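Open the model in your viewer and keep the selection tool at hand. The tour goes through the parts one at a time and says what to look for at each stop.

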Amino acid sequence: MAEKRKELYVFSVGQRFAHWLHTAAFVVLMITGAMLYIPWFSQSIARGDGGNMVRLVHRIGAIAFILVPILYVVLDLKGFLADMKRILTWSKEDLGWAKAAPAYYFMGDDKAMPPQDKFNTGQKLFYLVVAVCMILFIVTGLVMWFGRGVVPVWMFQWSVFLHDLSTIAYAAFFLVHFMLSVVHPLMKGALNGMIFGWMPEEYVKHHHAKYYQKLQSGKE
Amino acid sequence: MAVMAMLIDVSKCTACRACQVACKAWNDLPGEITVCAGCYDNPPDLSPDTWNRIAFWEIDEGERLHWAFRPVRCMHCADAPCVRVCPTGALHKNPMGFTAYDESLCNGCGYCTQFCPFDIPRLKDVNRWGQGKATKCTFCQDRATNGLVPACANACHTGAIQYGTRLDMLTAGRERVTVLQSRGYAEANLYGENILGGLGMLYVLTHPPSAFDLPENPSGGLATAWQPWIQALGGVAVGATALGLVLNWLIARKSIKAEEA
């Protein structure tokens, strides 16, 4: 049990399942979406019957994408509500993070970095972008799927427009998320936490000091 | 190649529907079970199998009623919103000026049906999973590109539908408007000379466009912004992010290793 003491359980089964189903659906949707959005793809691969197939796969991905928030609520309502509270809580420390971030993420200099909660400011921002984009994707996507000829034309047109804008915002933030959780040399503990649920105690202490304090005092 | 156009003179149209039938015959479109909507419109709307139809209007002129007819079909805009939003190039501009269509490229997205300011394209839905094909008047592209007159213009026996170079059609249209104005149609006008870059389907109208359910000043709306700007924004935003991350990785890899050592 000596090993266990060095690790902290930070992500529940429901949270990890929601994260990876969302990731899988997102990858499918982004690839098939890009095939329609990027002219080179849409005019070579996604045309004719190929295009009809791409759009079919996009819709299958969409169903998985829509299931994620529903399953998260069903599997771990407490975790879901705690997440929502976290991403909506902002303070002066977030400004401190923004000021300290360049030195930290480029040079590894953490002297100016204020202690962070379970999600640091960047992670909160990404989570918020995902949540907003998700709502936009689902609403506008359903309008395009079932609303053609039913809803007013302006609503369909804005849906296409907003679906595209969400894609751009999401794609850019996804690259940053991938970089910081998988590639960046400082963040080696994050991926482990999201796969197995456990994070090294040292990592949590160092990267999420505020959260670590809460865990130690039994508040989380 | 000269830019071609059709000139539709509604004052010469007798609503015989020869163009409607000729369109079906040449393009091999099956007949449809239709409904009586309490007027002469038949069928009451365009459909995947009806690319051209005569619409009827009763214009109240106080002491008398003016019975107006107009063949409704694709306007072949020079700057066509449907072409702007079509992701696959299935809808594209032909050098002869018309909005050409290659059904084999259509992926069934249906954007053209929602961005057309004239509500022309129809989607042949196969199922709710997105399979489908768009349809619309193609200017008889197979005939036009082979030097033949489009089927509707060929069938029109009153001369209401003329076909020729766009310049000739504009000249003929302006002349006809002058004649109509001198005969008591004070509001006669030529519709489509400059609309959306210039329409390939020009109309000589006896009454203001609104009397024929034609928009006075249609625009591509969001379609004009959508294709060029959003696609550029996507490339720039995602590209800049990727570039920033590569830079971050290159610097962080070195500086953080140095710190550890």
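This is a predicted model: local features need pLDDT of at least 70, side-chain atom pairs count only at pLDDT 80 or more; totals for chains, interfaces and linings use all residues.

**Stop 1: between the two domains of chain A**

Show the residues where the domains meet. Here 19 residues of domain 1 of chain A are in contact with 26 residues of domain 2 of chain A. About 2,100 Å² is buried between these domains, and carbon and sulfur atoms give 74% of that area. Now pick Tyr9(A), Val10(A) and Phe11(A): in domain 1 of chain A these lose the most area to domain 2 of chain A, together 28% of what that side buries.

What is the count of residue pairs in polar contact between the two domains? It is five, with both residues at pLDDT 80 or more. A search for salt bridges across this interface finds zero. Next, colour α2 (13-37) and α4 of chain A, the elements that give two or more residues to the domain 1 side. By type, the residues of that side are 13 nonpolar, four polar and two charged.

**Stop 2: two helices of chain A**

To see the contact, show Tyr72(A), Val73(A) and Leu75(A) from α4(A), with Leu77(A), Gly79(A), Phe80(A) and Asp83(A) from α5(A). Five of the residues in this contact are nonpolar, one is polar and one is charged.

**Stop 3: chain B against chain A**

Bring chain B into view: 42 of its residues are in contact with 43 residues of chain A. The area buried between the chains is about 3,900 Å², with 63% from carbon and sulfur atoms. Select Gln114(B), Arg128(B) and Trp129(B), which supply 18% of the area that chain B buries against chain A, more than any other three residues.

Between the chains there are eight residue pairs in polar contact, both residues at pLDDT 80 or more, and zero salt bridges. Which elements of chain B supply at least two residues each to the side that touches chain A? They are α3 (111-115), β6 (122-125), β7 (132-135) and α7 (222-260). Finish on α7(B), which has the largest share of that side, 20 residues. The side of chain B that touches chain A divides into 21 nonpolar, 16 polar and five charged residues.

Terms used
Residues are numbered from 1 along each chain as its sequence is written. Chains are lettered from A and ligands numbered from 1 in the order in which they are written. Side-chain values use heavy atoms; hydrogens and water are left out. Contact means heavy atoms within 4.5 Å. Helices (H or I, at least four residues) and strands (E, at least two) are DSSP runs, numbered from the N terminus. Ala, Val, Leu, Ile, Met, Phe, Trp, Tyr, Cys and Pro count as nonpolar, Asp, Glu, Lys and Arg as charged, and the others, Gly among them, as polar. Buried area is the accessible area (1.4 Å probe) that two parts lose on being put together, summed over both. A salt bridge is a side-chain nitrogen of Lys or Arg within 4 Å of a carboxyl oxygen of Asp or Glu. A polar contact is a pair of N or O atoms within 3.5 Å; within protein, one must be able to donate a hydrogen and the other to accept it, and residues adjacent in sequence count only if both atoms are side-chain atoms.
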